[in-house]
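Here are my notes for you to read with the model open beside you. Take them one at a time and find each residue as you go.

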Amino acid sequence: MRPTSPGTTSSRDPLSDSAAESVAVYSDHADDYAVDHAPKMADQVERFASSLPTPSLILDAGCGPGRDLARFTAHGHSARGVDLNPVFVAMANAHAPTSQCDLREVGSRFPAGTFDGIWACASLVHLREPETVDVLGQFAGLLRPGGKLYACLRSIGRTGWLDEPDGCRWCTVWDAEAFADAVADAGFDVDHVDRGVFVEVWATRRLIGSP
Ligand SMILES: C[S@@+](CC[C@H](N)C(=O)[O-])C[C@H]1O[C@@H](n2cnc3c(N)ncnc32)[C@H](O)[C@@H]1O
């Protein structure tokens, strides 16, 4: 049964592809999303961009309408976007080359070690925990050793279907330590963890052969 009040959770068919269903919902309010989120994450983007030599090749994994692609490009980097939502892909292409891709298959879309940085800003939120663990492993494969990862997802609230004014989407809430551990287990040294409503993990692709 769908919830009727904003910000509540409900159950649904457990066999549905909750990520794909959730991504599709963004199409109805894509322009509003771009406007509402335009001012966000500027400090984190600047910090990530500055942690890489210029120019570096950065994958914005789940780029949405492309706000951060534009920022990375303005910083002097080369950016590539992927997103599953076709409306966002079209919008993001105005800022940097972007293709439609499910993050659950992103490892097969580029050669291993292609990127110097992967930026995954709130894009893993609609995946189930095992899917996120798998995607983190694919990110590790796409990064050169020493490459940088930023990933943030929700760490406060309850996992389930979340009904908000702009639509109903699946949201997996992670324990912050468990998420940092999952990043480490995927082959990263965790450099820093910022904790809040969202947990933000800053990490470096471990050198091949190091423990
Ligand atoms: C909360 S929005 C964040 C967008 C953008 N990174 C930002 O910070 O504004 C989540 C984004 O991740 C994308 N996304 C979620 N699951 C995905 C998946 N499995 N494959 C590709 N994109 C996905 C959505 O389409 C959406 O653009």
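What follows is a set of numbered points on this predicted model.

1. Let's start with the core. The largest nonpolar core has 53 residues. Inside this core, the residues with the most contacts are Ile118, Phe139, Ala151 and Val183. Strand β6, which covers residues 143–154, supplies the largest share of the core, with 6 residues. As background, nonpolar side chains in soluble globular proteins tend to be buried together.

2. Stay with β6 for a moment. This strand is mostly covered, since 9 of its 12 residues count as buried. Strands β5 and β6 run parallel and are joined by 6 bridges. To find this pairing on screen, look for Cys121, which stands opposite Cys152 in β6.

3. Now for helix α7, residues 176–185. Which of its residues are buried? They are Phe179, Ala180 and Val183. If you look down the axis of α7, these buried residues fall within an arc of 100°, so they line one face of the helix. The general rule behind this is that an α-helix has 3.6 residues a turn, so residues three or four places apart point the same way. On the other side of α7, you will find Glu177, Ala178 and Asp185 exposed.

4. What covers the buried residues of α7? The cover includes α6, β6, β9 and β10. Setting aside its neighbours within four places in sequence, Val183 is in contact with Leu136, Ala151, Phe188, Val190, Val201 and Ala203. Just after α7, have a look at Gly187, which takes a positive phi of about 115°.

5. Next come β9 (residues 188–194) and β10 (residues 198–205). These two strands run antiparallel, and 6 bridges join them. A hairpin of 3 residues links β9 to β10. Phe188, listed above as a contact of Val183, has Arg205 in β10 as its bridge partner.

6. Met41 has a positive phi of about 70° although it is not a glycine. You will find Met41 in the loop between α2 (30–37) and α3. Is Met41 buried, exposed or partly exposed? With 19 C-beta neighbours inside 10 Å, it counts as partly exposed, because the cut-off for buried is 20 or more. Ala122 is another non-glycine with a positive phi, in this case about 60°. Ala122 sits in the loop between β5 (115–121) and α6 (129–142), and with 17 C-beta neighbours inside 10 Å, Ala122 counts as partly exposed.

7. The peptide bond from Thr54 to Pro55 is cis, with omega near 0°. Pro55 has its place in the loop between α3 (42–50) and β2 (57–61). Pro65 lies in another loop, the one between β2 and α4 (67–74). Although Pro65 is in a loop, this residue is buried, with 27 other C-beta atoms within 10 Å. Its contacts, leaving aside neighbours within four places in sequence, are Ala30, Tyr33, Ala34, Phe88, Met91 and Ala92. Pro65 and Tyr26 are 39 residues apart in sequence, yet their C-alpha atoms are 10 Å apart in space.

8. Compare that with Thr159, in the loop between β6 and β7 (160–164). Thr159 is partly exposed, with 14 other C-beta atoms within 10 Å. Beyond its neighbours within four places in sequence, Thr159 is in contact with Cys171, Thr172 and Val173. Thr159 and Val125 are 34 residues apart along the chain, while their C-alpha atoms are 9.7 Å apart in space.

9. Last, the ligand. How many residues are around it? There are 21, and those that come nearest are Gly62, Gly64, Leu84, Leu103 and Ser123. Sorted by class, this shell has 11 nonpolar, 6 polar and 4 charged residues.

Technical notes: Residues are numbered from 1 along each chain as its sequence is written. This is a predicted model: local features need pLDDT of at least 70, side-chain atom pairs count only at pLDDT 80 or more; totals for chains, interfaces and linings use all residues. A residue is near a molecule or strand if its C-beta atom, placed from the backbone, lies within 6 Å of it. Ala, Val, Leu, Ile, Met, Phe, Trp, Tyr, Cys and Pro count as nonpolar, Asp, Glu, Lys and Arg as charged, and the others, Gly among them, as polar. A nonpolar core is a set of buried Ala, Val, Leu, Ile, Met, Phe, Trp, Tyr and Cys residues joined through C-beta atoms within 7 Å. Helices (H or I, at least four residues) and strands (E, at least two) are DSSP runs, numbered from the N terminus. Two residues are in contact if their C-beta atoms, placed from the backbone, lie within 7 Å. Two strands pair if DSSP finds at least two bridges between them. The arc is that of the directions from the helix axis to the C-beta atoms.
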